[in-house]
Amino acid sequence: MRGKFISFEGGEGGGKSTQAVRLAGFLRSKGLDVVETREPGGTQQGEELRDLLVQGDPDRWSPFSELLMMTAARVEHVNRLIEPSLAAGKWVICDRFLDSTLAYQGIAGGLGLDMVRPLQAKAVGDTLPDVTFLLDVREEAGLQRAEKRGGAARFEKKQAEFHSKVRDGFLALAAESPNRIVVVDAEDTFDAVWQQIEGEMKQRFKL
Ligand SMILES: Nc1ncnc2c1ncn2[C@@H]1O[C@H](COP(=O)(O)OP(=O)(O)O)[C@@H](O)[C@H]1O
Ligand SMILES: [Mg+2]
C-alpha cells in the first residue's frame, strides 16, 4: 500500500523541525516505515541548492531566483526521494514543502500566486501532502525562538513586515485548503502542540 505524505509548514521558529521528529517517533512506534526529510534539501542536489538559499545576505537572491532554485530542489526531491518512498509504502515527513514557496516567494516575496502555482503544479504533479500541519505563531514569538536556536539563517534576517506577510499568507492558504492544511496553535508548550498533531493523525489515519 502507498505510504502517506505529511508536511510541516509555517514561519521561522514555529517548531516544525521539533514536531517532525516527534511525529516520526510516533509513527515508528506504530510499526510504520518512516522517511524524514526537508526542503529545500532532501537530496544531494537539493542540499547543495539549500546552502545557496539559506546562507548569506537577505537580499542575495531575488524572489524570482529563489522560486527557481526552490523549485529545482523540489523536482529532484519529489522524483528521487518522496515519490519512490511513498510508492514503496513508506510514510514521508517533510519539513516544509510547496506551501512555503507559495507563502515566501508567492505572497511575501510579491511574485503572486498566479505565477507561482502553475510552476509548482508542474514540479510536483500528483505528489501532494495527505496532510499539512501549519504551525502558527506570531512572527515575534517565532523569531525569538529561532534566535535562541542560533545560527540566524538568511530568511530569519528579513524584515518583520516580510514575516508578517508570510504568516498571513500561510493562514490564507490554510483557509483555501481546509481539508489538507490543519492549523496548529504553535505558541503553546511542546506537549500541547504535539497533542494537536497526534489527535489529528489518530483521527485522520486511524492510528
Ligand atoms: N512549543 C514550544 N515551546 C517553546 N519552545 C519551542 C517550542 N517548539 C520549539 N521550540 C524551540 O524553538 C526553537 C525553534 O524550534 P524549531 O523546531 O527549530 O522551529 P522551526 O523548525 O519551525 O523553525 C528551538 O530551539 C525549539 O527547541
Ligand atoms: Mg526547522
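**Sheet, core and ligand shell of the predicted model**

Strands β2 and β3 (residues 91–95) run parallel and are joined by five bridges. Helices (H or I, at least four residues) and strands (E, at least two) are DSSP runs numbered from the N terminus, and two strands are taken to pair if DSSP finds at least two bridges between them. The structure is a predicted model, in which local features need pLDDT of at least 70 and side-chain atom pairs count only at pLDDT 80 or more, whereas totals for chains, interfaces and linings use all residues. Residues are numbered from 1 along each chain as its sequence is written, with chains lettered from A and ligands numbered from 1 in the order in which they are written.

Within β3, Val-92 is the bridge partner of Val-35. The two strands belong to an open sheet of five, ordered β2-β3-β1-β4-β5 with parallel pairing. Its edges are formed by β2 (34–38) and β5 (181–185), each of which pairs on one side only. From one strand to the next, the twist averages 20°; axes are lines fitted to C-alpha atoms, for helices over the stretch in contact, and angles run from 0 to 180 degrees between N-to-C directions.

Helix α1 (residues 16–29) lies across β1 (5–9), β2, β3 and β4 (131–136), and runs at about 170° to β3. Helix α3 (residues 63–87) also packs on the sheet, where it touches β1, β2 and β3, with its direction at about 150° to that of β3. Contact between two residues requires their C-beta atoms, placed from the backbone, to lie within 7 Å.

The largest nonpolar core holds 41 residues, of which Val-92, Ile-93, Ala-103, Leu-135 and Val-184 touch the most other members. Such a core is a set of buried Ala, Val, Leu, Ile, Met, Phe, Trp, Tyr and Cys residues joined through C-beta atoms within 7 Å. A residue is buried if 20 or more other C-beta atoms, placed from the backbone, lie within 10 Å of its own, exposed if 12 or fewer, and partly exposed in between. Helix α4 contributes six residues, the largest share of this core. Apart from neighbours within four places in sequence, Val-92 contacts residues including Phe-5, Ile-6, Val-35, Ile-82 and Leu-86.

Most residues other than glycine have a negative phi, and most peptide bonds are trans. Glu-39 and Pro-40 are joined by a cis peptide bond, with omega about -10°, and Pro-40 lies in the loop between β2 and α2 (44–54). Pro-40 is in contact with Leu-49, whose other contacts beyond four places in sequence are Met-69, Ala-72 and Ala-73. Leu-49 lies in helix α2 and counts as buried because it has 23 C-beta neighbours inside 10 Å.

A positive phi of about 80° occurs at Arg-96, in the loop between β3 and α4 (98–108). Arg-96 has 24 C-beta neighbours inside 10 Å and therefore counts as buried. Lys-206 has a positive phi of about 55° and lies in the segment after α8 (190–205); with 6 C-beta neighbours inside 10 Å, Lys-206 counts as exposed.

Ligand 1 is surrounded by 16 residues, the closest being Gly-15, Lys-16, Ser-17, Thr-18 and Arg-145; a residue is near the ligand if its C-beta atom, placed from the backbone, lies within 6 Å of it. At least two residues of this shell come from each of α1, α6 (139–149) and α8, and α6 supplies the largest share, four residues.
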